[in-house]
2 protein chains.
Amino acid sequence: MDADFLANWTTQMRKGLLELCVLAALKARRMYGYDIVKHLSAIDGLVMGEGTIYPILSRFKKDGLVETTLAESSEGPARKYYQLTPRGRQLLGKMLAAWAEVRDGIEAVTTEPLL
Amino acid sequence: MDADFLANWTTQMRKGLLELCVLAALKARRMYGYDIVKHLSAIDGLVMGEGTIYPILSRFKKDGLVETTLAESSEGPARKYYQLTPRGRQLLGKMLAAWAEVRDGIEAVTTEPLL
DNA sequence: CCGAACTATATTGTCATGCAAGGTAGCTGT
DNA sequence: ACAGCTACCTTGCATGACAATATAGTTCGG
């Protein structure tokens with residue numbers, strides 16, 4: 001089915017892009033995992049589940065891009081806040097540059113005039 | 001190394017996006033594999049190798065998105081030209097819509113004002 | 001006429017990742 | 001007690017980019 005192809009393709013398209021979004025979301029403020037899911041899912045095209053965010057955050061921590069702080073919550077278990085390290089901030093800059101390049105390239109191909 | 005992380009991430013980011021570019025490149029005219037590589041590699045951020053294009057084209061053909069025509073060449077082996085089927089053209093439209101949605105979503109996250 | 005260089009197609013294997021599914025645990029209201 | 005929400009985390013699968021590799025035809029210099 002077309003629907004299958006499209007759903008599958010959409011998954012593939014998001015690879016890597018979600019990492020960019022998560023890092024970008026942490027640029028302005030610290031956030032905890034569950035919150036990031038809600039935050040990004042509010043945006044069309046960036047809907048994601050918890051099984052997606054936690055592996056990403058673990059990777060980020062392992063690679064020294066973020067650090068964590070535990071904080072009590074009155075609405076459930078303690079929240080683990082993630083905040084960017086200088087290294088994470090620097091890498092985010094490079095990723096944004098690479099993203100802009102690819103985005104512009106795609107824009108060029110998809111709007112190409114007929115030859 | 002940061003360089004490793006970035007290189008790896010760039011690879012992941014391109015997943016799916018390259019398929020979009022290939023379909024889009026075929027929108028205006030038929031092309032053969034080697035030619036598509038040269039064509040897209042001329043654009044920064046869309047550089048790709050032959051080991052990438054042929055699996056994509058095979059998938060497209062298997063899924064009925066493109067059809068092929070063989071044509072003699074005076075500069076090497078016969079060229080296998082790929083052209084969009086109506087189904088491929090229709091799917092390209094849907095993919096472009098999904099792409100626009102994700103692109104705009106990322107734009108929103110990465111340019112978010114400080115709270 | 002031999003080999004280097006280029007065109008062109010194709011396959012195999014590795015690796016990272018998105019995501020569904022499942023599991024644990026704390027707090028709130030009935 | 002129990003349902004329902006918040007919040008965290010792990011396992012397993014499917015997918016696709018890319019490097020490496022193989023094959024074969026053409027062209028051109030020595």
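User: Which residues of α1(A) are buried, and what makes a residue buried?

Analyst: In this predicted model, Trp9(A), Met13(A) and Arg14(A) are the buried residues of α1(A). They are called buried because each has 20 or more other C-beta atoms within 10 Å of its own.

User: Why are these buried residues said to line one face of α1(A)?

Analyst: Viewed along the axis of α1(A), the buried residues lie within an arc of 130°, and they therefore line one face of the helix. On the face turned away from that buried side are the exposed residues Asp4(A), Ala7(A), Asn8(A) and Thr11(A).

User: What covers the buried residues of α1(A)?

Analyst: The cover includes α2 (17-25) of chain A, and from chain B it includes α2 (17-25) and α5.

User: What reach does α1(A) have, and what reach is expected of it?

Analyst: Helix α1 of chain A spans residues 2-14, 13 residues in all, and reaches 18 Å from its first C-alpha to its last. At 1.5 Å a residue, 18 Å is expected, and the reach is close to that value. Gly16(A), with a positive phi near 85°, follows the helix.

User: What makes up the side of chain A that touches chain B?

Analyst: The contact draws 40 residues from chain A and 40 residues from chain B. On the side of chain A, the elements giving two or more residues are α1, α2 and α5 (86-110). Of these, α5(A) gives the most, with 13 residues. By class, that side holds 23 nonpolar, six polar and 11 charged residues.

User: Which members of the largest nonpolar core touch the most other members?

Analyst: They are Cys21(A), Leu20(B), Cys21(B), Leu23(B) and Met95(B), out of 55 residues. Helix α5 (residues 86-110) of chain B supplies the largest share of this core, eight residues. In soluble globular proteins, nonpolar side chains tend to be buried together.

User: Which residues is Cys21(B) in contact with, leaving aside its neighbours within four places in sequence?

Analyst: Cys21(B) is in contact with Ile106(A), Val109(A), Leu40(B) and Leu46(B). These count as contacts because the C-beta atoms lie within 7 Å.

User: Which residues come nearest to DNA strand C?

Analyst: Of the 36 residues around DNA strand C, the nearest are Gly51(A), Tyr32(B), Gly33(B), Tyr34(B) and Gly76(B).

Key: Residues numbered from 1 in each chain as written. Chains lettered and ligands numbered in written order. Predicted model: local features only at pLDDT ≥ 70, side-chain atom pairs only at ≥ 80, totals over all residues. Core = buried A, V, L, I, M, F, W, Y, C linked by C-beta atoms within 7 Å. Buried ≥ 20, exposed ≤ 12 C-beta atoms within 10 Å, placed from the backbone. Helix = DSSP H or I, 4+ residues; strand = E, 2+ residues; numbered from the N terminus. Contact = placed C-beta atoms within 7 Å. Expected span 1.5 Å × (residues − 1). Arc of directions from axis to C-beta. Nonpolar A, V, L, I, M, F, W, Y, C, P; charged D, E, K, R; others polar. Near = placed C-beta within 6 Å.
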